[in-house]
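Notebook open, model loaded. I'm jotting down what I look up as I go.

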Amino acid sequence: MKIHKISQPPIDPDSRPSEKRGPWRGLQLALAGLVLLILGAKASHTIWVGGSNRNVSQSELVRTVTANEVRRPLPGQAATQLAPMDPQQDSGQADCPT
Amino acid sequence: MRDMANTTAGKKLRTRQMSMLRMRPYIQAAFLLLWAAPLGWFSAQLGRWGRSMPSCVFHCYYAGGNYCPAASLSCPIGITAQLVALGALPLLAIGAMLVTGALVGSLVCGWACPFGFLQDLLAKIPVPKLRLPQWTAAGRYLVLAVLVLALPYAFGLMGTPYDQQEATICRWCPAGALEAGVPLTIQGLLDGRPELMVSPKKAIIIALFLLGSMFIHRPWCRMLCPLGGLLALFNRVSVFHLWFKKTACTSCNTCRGRCSIGVNVDQSLNSPRCIRCMECTTCGAMLPGLAKQEASETL
């Protein structure tokens with residue numbers, strides 16, 4: 001890449017802050033993100049999939065929304081547990097949302 | 001003090017920075033194979049686990065039987081919009097973005113994102129480049145607020161499933177059009193189903209994106225990418241950061257000249273508009289955070 005010198009006022013290195021900082025705030029936020037990942041793995045949701053309301057974990061939900069038609073749960077219908085190895089999950093009937 | 005730039009240590013540092021930057025296209029290509037493995041090879045290896053996890057870069061996702069064959073993991077933005085449409089809080093996607101942002105900020109944009117890599121390649125075409133005003137960066141947050149959060153939630157609440165909504169990020173995303181539409185069309189041809197999997201609307205979006213990327217550096221990243229906008233918000237607090245070493249600065253303005261995004265690196269290295277390509281570090285006065293301080297710097 002060719003270097004293009006731009007005619008602008010020169011940088012004054014003495015007055016410019018270094019922006020150097022410690023890692024602690026970033027690490028605290030990363031820890032918060034890890035906590036959210038753990039909570040997300042444990043979270044449970046009720047959705048409509050495969051013709052009925054089902055209870056799924058969020059990781060299963062992430063997989064299911066990309067594989068099947070998923071809807072908000074139908075009111076008044078009890079939800080059953082969707083087993084992780086349920087073959088209905090790979091029905092592949094969903095229309096690609098792109 | 002300014003003579004530090006011309007010392008052996010200063011020259012060694014510049015050489016090291018240049019070597020690292022020369023590796024950047026190869027590192028981006030390596031990540032491209034990870035996120036969007038040809039013919040879904042990686043997605044086959046990752047299996048069910050891969051489909052359950054949002055990644056930290058912008059690319060289309062694996063969609064079951066009617067899948068986007070090039071995706072190994074799930075797009076965090078697409079997953080967020082999908083779950084918001086269902087009224088669910090996308091903790092996994094938010095957690096993935098928070099961990100990534102807090103550790104490296106927008107470094108993934110400059111070094112790992114497949115879509116960014118494609119734009120970098122297109123920008124190498126030798127045509128005049130247009131400058132963008134700084135306010136266009138706000139478009140990323142508009143896309144996030146409207147197409148990722150508000151509209152999917154509102155239409156989901158009214159009973160319209162996400163895959164039937166028109167005003168969502170996935171329906172307008174050029175990454176989806178390129179990474180899903182084109183491979184699906186090719187796969188259809190290989191399977192004996194000559195069917196164009198790209199709608200006229202998506203074809204126009206692809207054409208605009210390809211053209212725009214030739215004349216503007218990283219137009220999607222700078223104006224519209226909601227993921228990049230989110231990750232860049234962490235630039236001022238992330239563990240990885242850029243800092244200014246005044247003993248190495250000779251006021252040559254190389255840093256400003258090399259920035260293709262138009263960040264005022266003389267004022268703020270860790271700007272929310274920065275994609276952390278680290279081209280500005282060529283001169284040796286801008287350094288990655290946690291870089292080892294040379295002993296001569298204490299003089």
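Which side chain does a polar contact of 3.1 Å join to that of B:R258? I found B:T282 there. A polar contact here is a pair of N or O atoms within 3.5 Å, one able to donate a hydrogen and the other to accept it, and sequence-adjacent residues count only if both atoms are side-chain atoms.

Ground rules before I go on: this is a predicted model, with pLDDT of at least 70 needed for local features and 80 or more for side-chain atom pairs, while totals for chains, interfaces and linings use all residues. Residues are numbered from 1 along each chain, chains are lettered from A and ligands numbered from 1 as written, and side-chain values use heavy atoms, without hydrogens and water.

Back to B:R258: I also see its side chain in a polar contact with that of B:E279, at 2.8 Å. I place B:R258 in helix 14 of chain B, residues 254-258 (helices are DSSP runs of H or I, at least four residues). I log B:R258 as buried because its relative accessibility is 7%, and the cut-off is under 20% with a 1.4 Å probe, protein chains only.

Next, I checked helix 4 (residues 76-85) against helix 8 (residues 139-157), both in chain B: their axes come within 7 Å and cross at roughly 30 degrees. Axes are lines fitted to C-alpha atoms over the stretch in contact, with angles from 0 to 180 degrees between N-to-C directions. Among the residues making the contact (heavy atoms within 4.5 Å) I noted B:I77 and B:V84 of helix 4 and B:L149 of helix 8.

Key. Helices (H or I, at least four residues) and strands (E, at least two) are DSSP runs, numbered from the N terminus. Buried means under 20% relative accessible area, exposed over 50%, partly exposed in between (1.4 Å probe, protein chains only).
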